Amino acid sequence: MRTLKSLLAAGAIVALTLSPTRAATPEDTLVMAWQIDDIITLDPAEVFEFSASEMMGNSYERLIGYDLENVSDIFGAVAESWEVSDDGKTFTFTVRQGKTFASGNELTAEDVVFSLQRAVKLDQSPAFILTQFGLTADNVEEKIVQTGDYEFTFEMDQAYAPTFVLYCLTSTVASVVDKDLVLEHEVDGDLGHEWLKRNYAGSGPFAIRQWRPNEAVVMERNEHFAPEPPLARVIYQHVPESSTQRLMLEQGDIDIARDLGPEELEALEGTEGIKIQSGVKGGLYYLGLNQKNEHLSKPEVRQALKYLVDYGAIADTIMEGLAEVHQAFLPKGFLGAVEDTPFSLDVEKAKELLAEAGLADGFSVTMDTRNTPDITGMGEAIQQTFAQAGIDLQLIPGDGAQTLTKYRAREHDIYIGRWGPDYQDPHTNADTFASNPDNSDDAAAKPLAWRNAWEIPELTEKTQSAVLETDTDKRAQIYEELQREVMDRGPFVIMFQEIEVMAMQDNVENFLIGPSFDSNQFGQASKD
């Protein structure tokens with residue numbers, strides 16, 4: 001293997017070597033060890049995975065941003081200002097002048113309109129964030145229209161709560177791409193999609209220069225971005241073993257370790273030259289129960305499984321310091337979030353429910369688990385408590401891409417997953433846990449309720465009504481009711497809310513942990 005010095009000099013991406021003595025990464029380079037095997041694409045119109053979303057958040061800009069410390073404080077990023085029509089259906093945006101893509105091309109309203117239209121036309125997984133406003137491939141060119149060099153209009157089918165619309169435009173799918181550069185690589189009318197899966201066309205603080213699956217991603221400073229990032233480059237290195245991450249951090253081969261477990265973090269506490277940084281995230285850990293499975297489709301079985309997880313024990317051991325017990329689909333801090341935790345390990349109650357379902361002797365079922373220490377540990381703990389009620393749970397390990405692909409195809413029995421909000425409005429989670437407008441296998445929208453084949457026309461209608469409610473208190477009440485209905489009868493065993501913890505060299509400054517999976521920011525990070 002090459003050393004970091006030769007890696008940087010050659011411009012290649014390979015695993016960094018572990019030196020026998022404490023090393024030091026270059027002063028202008030931030031090196032992170034993280035399990036990044038969930039990356040499927042680098043096209044922001046398609047990205048819907050945790051690690052790639054963080055990269056998008058630091059390499060592309062969106063129309064709207066929000067204060068990481070106070071998410072209710074919304075501000076313009078690419079958008080300088082906006083107005084809403086009297087009927088509430090049309091936003092008119094003014095684009096901020098003076099922005100430049102990493103390519104050197106100027107960013108104008110033409111790029112913004114192209115980017116939003118492109119995301120709708122490509123119709124990849126996150127497109128529903130935009131199509132929920134009545135946009136389709138057929139009408140989007142009529143609904144999102146450039147009206148000047150730095151102005152465009154965004155017309156919707158209904159008058160939605162304005163903050164809901166603006167929060168949606170903070171999401172990854174609303175990233176602005178360089179129209180000229182993307183179309184230079186268009187093939188057979190694909191809007192540059194195949195090219196952008198592995199390349200970059202943004203205006204954010206860092207440009208993505210190279211991605212090698214299951215190895216590394218290298219990002220370099222965008223010289224056209226203001227204010228100029230202090231760091232010249234950021235390297236994500238794929239390191240699946242938490243023990244290896246800890247060793248690399250202690251030896252100085254990396255600056256930040258992203259996947260350390262409770263034991264590694266405890267061992268590093270008080271270590272000279274290393275600090276621990278944490279922040280509460282909106283991410284939720286849950287089990288998805290596929291309703292195509294004849295046993296899991298029974299309401300008594302769904303209820304039983306919610307009483308067969310030892311939430312407290314897992315939170316205090318496997319996930320100590322990394323998560324807290326939370327059982328509703330809205331994270332704490334969101335409008336209308338329910339913080340009740342009605343479920344705990346109760347084997348006898350679970351057995352009674354299984355008997356009511358005609359499964360007194362239990363049954364066999366599989367669970368797909370991503371092979372990270374936290375997911376594997378939780379899976380093994382759940383396997384043990386399920387067994388106490390006669391349920392034979394077989395774990396099927398795989399990397400992030402494998403398990404996600406299977407889950408998105410509805411080919412699982414049980415999936416143990418982590419879900420993060422796409423934007424800071426409660427509809428982001430309600431629309432995926434409590435809405436399923438089309439349960440057919442070839443449906444256009446594929447939220448989590450669809451992935452688990454849960455057909456819920458009444459809840460879907462109720463969820464959609466909430467985004468039209470302008471009274472904040474009434475809107476919060478609707479979301480509270482939705483959460484309780486999903487907790488009671490839904491195919492989700494929601495277990496924990498995430499706390500993101502990183503161990504890093506103490507010279508790393510201004511790495512900001514945001515509330516969502518795409519809001520960690522290092523545009524102004526430095527190494528002092």
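Some ground rules. Because this is a prediction, local features need pLDDT of at least 70 and side-chain atom pairs count only at pLDDT 80 or more, while totals for chains, interfaces and linings use all residues. Numbering runs from 1 along each chain as its sequence is written, and side-chain values use heavy atoms, with hydrogens and water left out.

Let's start with salt bridges. By that I mean a side-chain nitrogen of Lys or Arg within 4 Å of a carboxyl oxygen of Asp or Glu. In general, side chains of opposite charge can pair when their charged atoms come close. Searching the whole structure gives 29 salt bridges.

Take Asp 425 and Arg 475. Their closest N and O atoms are 2.8 Å apart. This pair links distant parts of the chain, 50 residues apart. Asp 425 sits in the loop between β16 (414-419) and α16 (427-433). Arg 475 belongs to helix α19 (residues 472-489). A word on those labels: helices (H or I, at least four residues) and strands (E, at least two) are DSSP runs, numbered from the N terminus.

Are Asp 425 and Arg 475 buried or exposed? Both are buried. Buried means under 20% relative accessible area, exposed means over 50%, and partly exposed is in between, with a 1.4 Å probe and protein chains only. The areas themselves come from the Shrake-Rupley method with a 1.4 Å probe; for residues, only the protein chains shown count as cover.

Stay in α19. Glu 485 and Arg 489 also form a salt bridge, at 3.6 Å from N to O. They are four residues apart in that helix, about one turn. Why does that spacing work? An α-helix has 3.6 residues a turn, so residues three or four places apart point the same way. Glu 485 is partly exposed at 25% relative accessible area. Arg 489 is partly exposed too, at 34%.

Another pair is Arg 221 with Glu 223, where the closest N and O atoms are 3.7 Å apart. Glu 223 counts as exposed, at 53% relative accessibility.

Then there is a network. Which residues does it link by salt bridges? Glu 54, Arg 258, Lys 281 and Glu 500. Keep Glu 54 in mind.

Glu 54 is one of the buried residues of helix α2. Helix α2 covers residues 50-57, and seven of its eight residues are buried, so the rest of the structure largely encloses it. What do those buried residues pack against? Strands β1 (29-34), β8, β9 (216-221), β10 (233-238) and β16. Contact here means heavy atoms within 4.5 Å.

Now the surface. Glu 263, Glu 266, Glu 269, Asp 316 and Glu 320 gather there in a patch of negative charge. Patch residues have over 30% relative accessible area and no salt bridge; like charges are joined within 9 Å, and nonpolar side chains (Val, Leu, Ile, Met, Phe, Trp, Tyr) within 5 Å. Lys and Arg count as positive, Asp and Glu as negative, and His and the chain ends are not counted. A charge is placed at NZ of Lys, CZ of Arg, CG of Asp or CD of Glu. Asp 316 lies in helix α12 (residues 311-316). It is exposed, with a relative accessible area of 56%.

Glu 300 is in helix α11 (residues 299-306). It is partly exposed, at 25%. Beyond four places in sequence, Glu 300 touches Leu 353, Glu 356 and Ala 357. Arg 198 is in the loop between α8 (193-196) and β8 (206-212). Its relative accessible area is 46%, so partly exposed. Setting aside neighbours within four places, Arg 198 contacts Leu 42, Trp 211 and Pro 213.

Last, the backbone. The peptide bond from Ala 226 to Pro 227 is cis, with omega near 0 degrees. Pro 227 is in the loop between β9 and β10. Arg 410 is not a glycine, yet has a positive phi of about 60 degrees. It is found in the loop between α15 (400-408) and β16, and it is buried at 5%. Asn 510, also not a glycine, has a positive phi of about 65 degrees. Asn 510 is partly exposed, at 47%.
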